[in-house]
Amino acid sequence: MATLVSDNLDEVERSISDTAPCHYILKIQSFSLLSKNGIEKYESGEFQAGGYKWKLVLYPNGNRSRNVKEHLSLYLVFVDVSSLFRHGLEVHADFRFFLLDQSKDNYLVVHDAKEKSRRFHRLKHQWGFDQLIPIRSFNDISNGYLLDDTCVFGAEVFITKETSSGRAECLSVMKDGISCKHVWKIENFSKLESEYLESQAFFSGDQNWKIQLYPKGRRHGSGTHISLYLALEDPVTLTAGSKMFVEFTLRVLDQMQSRHIAGKVSHWFSESSPESGWAKFVSLPYFHHTGAGCLVKDICMVEAEVIVHAVASIL
């Protein structure tokens, strides 16, 4: 019996058992061809244990993403992750991995030395051993683990506790915000009779957006100003409880001298707060002044620049 320190679990213990694993067996033939064919990771089929579905994930040359070298890495994965997210479920499980010694017909059993249950939940649905066994020991014919290029792994999983956690949220902040520009050309502006206009939808940050313009103003800008807003085209496309932090600029373009009228602001967009902008964006007298360049040949040009910096969602 020997112990070693693992990056994934606190301490690993190895023992010998004559009993085969009761939940899953994975037999691999032509094991050496995994690496030769560029298969750095193998995911097993699903199996049932304790009323839940699981699978094994094997790295025959070690999990490079965790900087594992000269060892096999093996992990147990909770398959139905959506149920963990949906119900805030936490499943505590004891598990052990098996490696068949084909010469002696017994199993090397690898498990947590402290026999501590591991908590599978929406933020952590995989546990295992970064250093299951040294590759040199695995390949040593005298150990019986790899004979005729064939090996057999196994797993047992026992549920010790099930709990439901509270609500959880994930905030994803983007290093480089997702940016988009959209120009909206409005013709025959003086003949508009609608209370407000909407641009065609444009896409940014996995959402469709639109510009809203009120030719005669809205709210406290009614009758005195042009009102201008950025809005989500369909707020219900956001998942319940999610929101997006967006920095945006709206401009009424000066078509004569490029002295554009611009407003810039940041806003958390959500289903309950799907728009943001200005009731008093530009005064009606200035907008209609022939020298302002806002209205040329009865055409108005409006530009939106949208940068999505962060997304918060309910887990």
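Trainee: Why is Trp268 called partly exposed?

Mentor: Trp268 has a relative accessible area of 33%. Buried means under 20% relative accessible area, exposed means over 50%, and partly exposed lies in between, with a 1.4 Å probe and protein chains only. The value of 33% falls in between, so Trp268 is partly exposed. Please note that this is a predicted model, in which local features need pLDDT of at least 70 and side-chain atom pairs count only at pLDDT 80 or more, while totals for chains, interfaces and linings use all residues. Residues are numbered from 1 along each chain as its sequence is written, and side-chain values use heavy atoms, with hydrogens and water left out.

Trainee: What makes Asp254 buried or exposed?

Mentor: Asp254 has a relative accessible area of 4%. That value is under 20%, so Asp254 is buried. Its salt-bridge partner, Arg259, is partly exposed at 47% relative accessibility.

Trainee: How do you know that the side chains of Arg259 and Asp254 meet in a salt bridge?

Mentor: A salt bridge is a side-chain nitrogen of Lys or Arg within 4 Å of a carboxyl oxygen of Asp or Glu. For Arg259 and Asp254 the N to O distance is 3.7 Å, so the pair meets the definition.

Trainee: Why is the contact of Glu43 with Lys55 called a salt bridge?

Mentor: The closest N and O atoms of Glu43 and Lys55 are 2.7 Å apart, which is within 4 Å, so the term applies. The pair links distant parts of the chain, with Glu43 in strand S4 (residues 42-43) and Lys55 in strand S6 (residues 52-59), twelve residues apart. Strands are DSSP runs (E, at least two residues), numbered from the N terminus. Lys41, Glu43 and Lys55 are linked in a network of salt bridges.

Trainee: Why are S13 and S19 placed at the edges?

Mentor: The open sheet of four strands has the order S13-S21-S18-S19. Strand S13 (169-186) and S19 each have a single partner strand, so one side of each is left without a neighbour in the sheet.

Technical notes:
Two strands pair if DSSP finds at least two bridges between them.
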